[in-house]
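Biologist: I'd like to go through this model with you. Can you start with the terms, then the fold?

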Amino acid sequence: MTKRASGPFDVKLTPMAPEAGAVEAAPGRMTLDKRYHGGLEATSQGQMLAVRSPVEGSAGYVAMERVSGTLDGRSGTFALQHSGTMTRGAPQLVITVVPDSATGELVGLAGTMTIDIAPGGQHSYAFQYTLAGTP
């Protein structure tokens, strides 16, 4: 049975120094530090690689984050994989749980997450998931 958790989250992006010898057009790197609230009460840390194109509103990013906390009262950790593109302002984002990455009471977790950024910058998530062995 697919379940749903949702709520707001806070995110801090911190630029990382370019790798030694990186060319000017190399991907930008950032660390992620998040705090999820609502059905997912957790913190996460991760890294993101991003590239902007010369065309306004076109870019791409990939990111990996390790989430630690509780999901609807079950504690553990899991990893999320992001793949996002923006084509002249039109976003496309896929965020999935890395298979078999969950620990603790979250072992068997699978699912996808969507992110919404409201005017003013408030972030929220909607997480659709299944947990093996639960009704």
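Modeller: Terms first. Two strands pair if DSSP finds at least two bridges between them. Strands (E, at least two residues) and helices (H or I, at least four) are DSSP runs, numbered from the N terminus. This is a predicted model: local features need pLDDT of at least 70, side-chain atom pairs count only at pLDDT 80 or more, and totals for chains, interfaces and linings use all residues. Residues are numbered from 1 along each chain as its sequence is written, and side-chain values use heavy atoms, with hydrogens and water left out.

Biologist: Fine. In what order do the eight strands close into a barrel?

Modeller: The order is β1-β2-β3-β4-β5-β6-β7-β8, and the pairing is antiparallel. On average, neighbouring strands of this sheet are turned by 25° against each other, direction ignored. Axes here are lines fitted to C-alpha atoms, for helices over the stretch in contact, and angles run from 0 to 180 degrees between N-to-C directions.

Biologist: How many bridges join β3 to β4?

Modeller: There are 13, between residues 40-52 of β3 and residues 59-71 of β4. The two strands run antiparallel. Ala42 stands opposite Gly69 in β4. Thr43 has Ser68 as its bridge partner there.

Biologist: Which residue in the turn of that hairpin has a positive phi?

Modeller: Gly57, at about 85°. Six residues lie between β3 and β4.

Biologist: And β4 with β5, how many bridges?

Modeller: 13 bridges, antiparallel, with β5 covering residues 74-87. Val67 stands opposite Phe78 in β5. This hairpin has two residues between the strands, and Asp72 takes a positive phi near 45°.

Biologist: Where do side chains point in a regular strand?

Modeller: They alternate between the two faces of the sheet.

Biologist: New topic. Where is Ser101?

Modeller: In the loop between β6 (90-97) and β7 (109-117).

Biologist: Buried or exposed?

Modeller: Ser101 counts as buried because its relative accessibility is 11%. Buried means under 20% relative accessible area, exposed over 50%, and partly exposed in between (1.4 Å probe, protein chains only).

Biologist: What is Ser101 in contact with?

Modeller: Arg66, Thr77, Phe78 and Ala79, leaving aside neighbours within four places in sequence. Contact means heavy atoms within 4.5 Å. A polar atom of the Ser101 side chain also lies 3.1 Å from the backbone nitrogen of Ala79.

Biologist: What about Asp100, buried or exposed?

Modeller: Asp100 is exposed, with a relative accessible area of 79%. It lies in the loop between β6 and β7.

Biologist: Last one. Which strand holds Thr31?

Modeller: β2, residues 28-36. Thr31 has 30% relative accessibility, so it counts as partly exposed.

Biologist: Which residues does Thr31 touch?

Modeller: Lys12, Leu13, Thr14, Met16, Gly46 and Gln47, not counting residues up to four places away in sequence. The C-alpha atoms of Thr31 and Ala63 are separated by 9.3 Å, though these residues are 32 apart along the chain.

Technical notes: A polar contact is a pair of N or O atoms within 3.5 Å; within protein, one must be able to donate a hydrogen and the other to accept it, and residues adjacent in sequence count only if both atoms are side-chain atoms.
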